[in-house]
Amino acid sequence: MIQQFKKIENLRGELILRGDKSISHRSVMFASMADGVSIIRNCSDSEDVSSTINCFEKLGCSFEKENGLIKVTGRGFKGFSVPDSELYAGNSGTTARLISGILSAQDFGSIITGDESLSSRPMMRIIDPLRNMGADIIAGEKGFMPIRIYPSKMIKPVNYILQVSSAQVKSALILCAIHLEEESIIVEPGPTRNHTEKLLGLKTVKSDEGTKIFCSKKNYPEPFEITIPSDISSASFFIVLALLTKNSALTVKSVSLNETRTGVLDILKKMGGKIEIEYLKEEKGEPVGNIKAYSSELKNIDIPESIIPNIIDEIPILSVAGLFAEGNFKITGAKELRVKESDRIKSLCHNFKLAGVDVTEFGDGLELKGNIGNEAVTLESFGDHRIAMAFGVMSMLMKNGGSVNNFESVGISNPKFVSQINQLIG
Ligand code: S3P
């Protein structure tokens, strides 16, 4: 579906978004693992989280949806039923990688599949360290999906230093390790999102090697209740649009302000973005607050490579912000973008070039110089939700608007993107 966007004048009002996708995946998984009934409020309505729910339904868990909450009946320690067919993770890397950690510790075999995009994303990053823990797990050709897991016989605790800066890899190992009485230590050299650690209440200690994460069966989840704060990654598209339009004043309510996710706000503020944060409360260790964004004049800044894991999902929209800011936008040290839902460096460069921007592509980033053309163009989402929304925002900032092809991919994280925009432009 081609979605057309007109230039918008401003963005005003309050926005309430559904729950953070990363926290929702984990809440669904931990509730499914727990022995009894858990309550999840404001769960993400994304296709990705539906993929996680579908997988756990096949493992014998039940999900009852009523008035904005989900009642999950989990199966308890090693209580899953044996799936009678493959577990389909759809487009979701988080589903495929985290569930592999959980299933590596079960007494039955399973097969995990995914869509075309997920089937071309690297899985050896979890297969190798899970095998090192004794898991009997293999990937398909070239280290891609399907993932085949055989009944666990020899899972053992580990002291392992992560080789890739990835919360998905870290979480897969933790979720396998919490099936063992003995303690495992997973060492993370640089910080990545820490929702798994927070929700499971894991002990973490900073050391010279990085953060040491301690986990064992003591940390196996028990039934819980959670109200999931709104998704900062979804919020960032609206925040950038408010900053870059005149007379805009936007409040995004009750957003997750986890310190491993707020790099996007730090960068936009340093660029001159008028952003105010009103801290509200903590929910299961996750800080929650309202974010206010007002029209601003943005200037490009140096983006340090150390912040990349924190902003990895926001680079597409930050590059749109950088295009409309004074000076040149440049990002390096972000080669992980090549293995996301699309090769995001390629997707970004392709669309910026279509819009007449002078683009330099690097192996690990890109640089944008000069201005955008005035002609309305049809941009390509490459089936990638964050590319679709970033170029939807760019289209709304262009003099003659623009269109985005295959825009339906926004359903992967925020199916209501267009109606939320319409509500805020009055
Ligand atoms: C996620 C971790 C990140 C992120 C993804 C969600 C998670 O991926 O890009 O959208 O929920 O753990 P990596 O761990 O591969 O960096």
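Which residues line the largest cavity? In this predicted model, the lining is made up of Leu-17, Arg-18 and Gly-19, together with Ser-44 and Asp-45, Asp-231 and Ser-234, and finally Ser-413 and Asn-414. The space that lies in the largest cavity comes to about 70 Å³, and the structure holds one cavity of 30 Å³ or more.

From the cavity we can turn to the strands. Strand β5, which covers residues 69–75, pairs in the antiparallel sense with strand β3, residues 35–41, over seven bridges, and within this pairing Ile-40 has Ile-70 of β5 as its bridge partner. Strand β5 also pairs in the antiparallel sense with strand β4, residues 62–66, here over five bridges, with Glu-64 standing opposite Lys-71 in β5. Two residues lie between β4 and β5, which form a hairpin, and Asn-67 in the turn has a positive phi of about 35°.

The nonpolar interior remains to be described. In soluble globular proteins, nonpolar side chains tend to be buried together. Here the largest nonpolar core has 72 residues, and those with the most contacts inside it are Ile-239, Leu-268, Phe-352, Met-394 and Phe-417. If neighbours within four places in sequence are left aside, Phe-417 is in contact with the phenylalanines Phe-5, Phe-237, Phe-238 and Phe-407, as well as with Met-389, Val-393 and Met-396.

Methods: Residues are numbered from 1 along each chain as its sequence is written. This is a predicted model: local features need pLDDT of at least 70, side-chain atom pairs count only at pLDDT 80 or more; totals for chains, interfaces and linings use all residues. Side-chain values use heavy atoms; hydrogens and water are left out. On a 1 Å grid over the protein atoms alone, a cavity is a set of points where a 1.4 Å probe fits but cannot get out, and a pocket is an open set with protein on both sides within 12 Å along at least five of seven lines; lining residues have an atom within 4 Å of a point. Grid points are joined across faces, edges and corners, and a volume is the space filled by probe spheres set on the points. Two strands pair if DSSP finds at least two bridges between them. Helices (H or I, at least four residues) and strands (E, at least two) are DSSP runs, numbered from the N terminus. A nonpolar core is a set of buried Ala, Val, Leu, Ile, Met, Phe, Trp, Tyr and Cys residues joined through side-chain atoms within 4.5 Å. Buried means under 20% relative accessible area, exposed over 50%, partly exposed in between (1.4 Å probe, protein chains only). Contact means heavy atoms within 4.5 Å.
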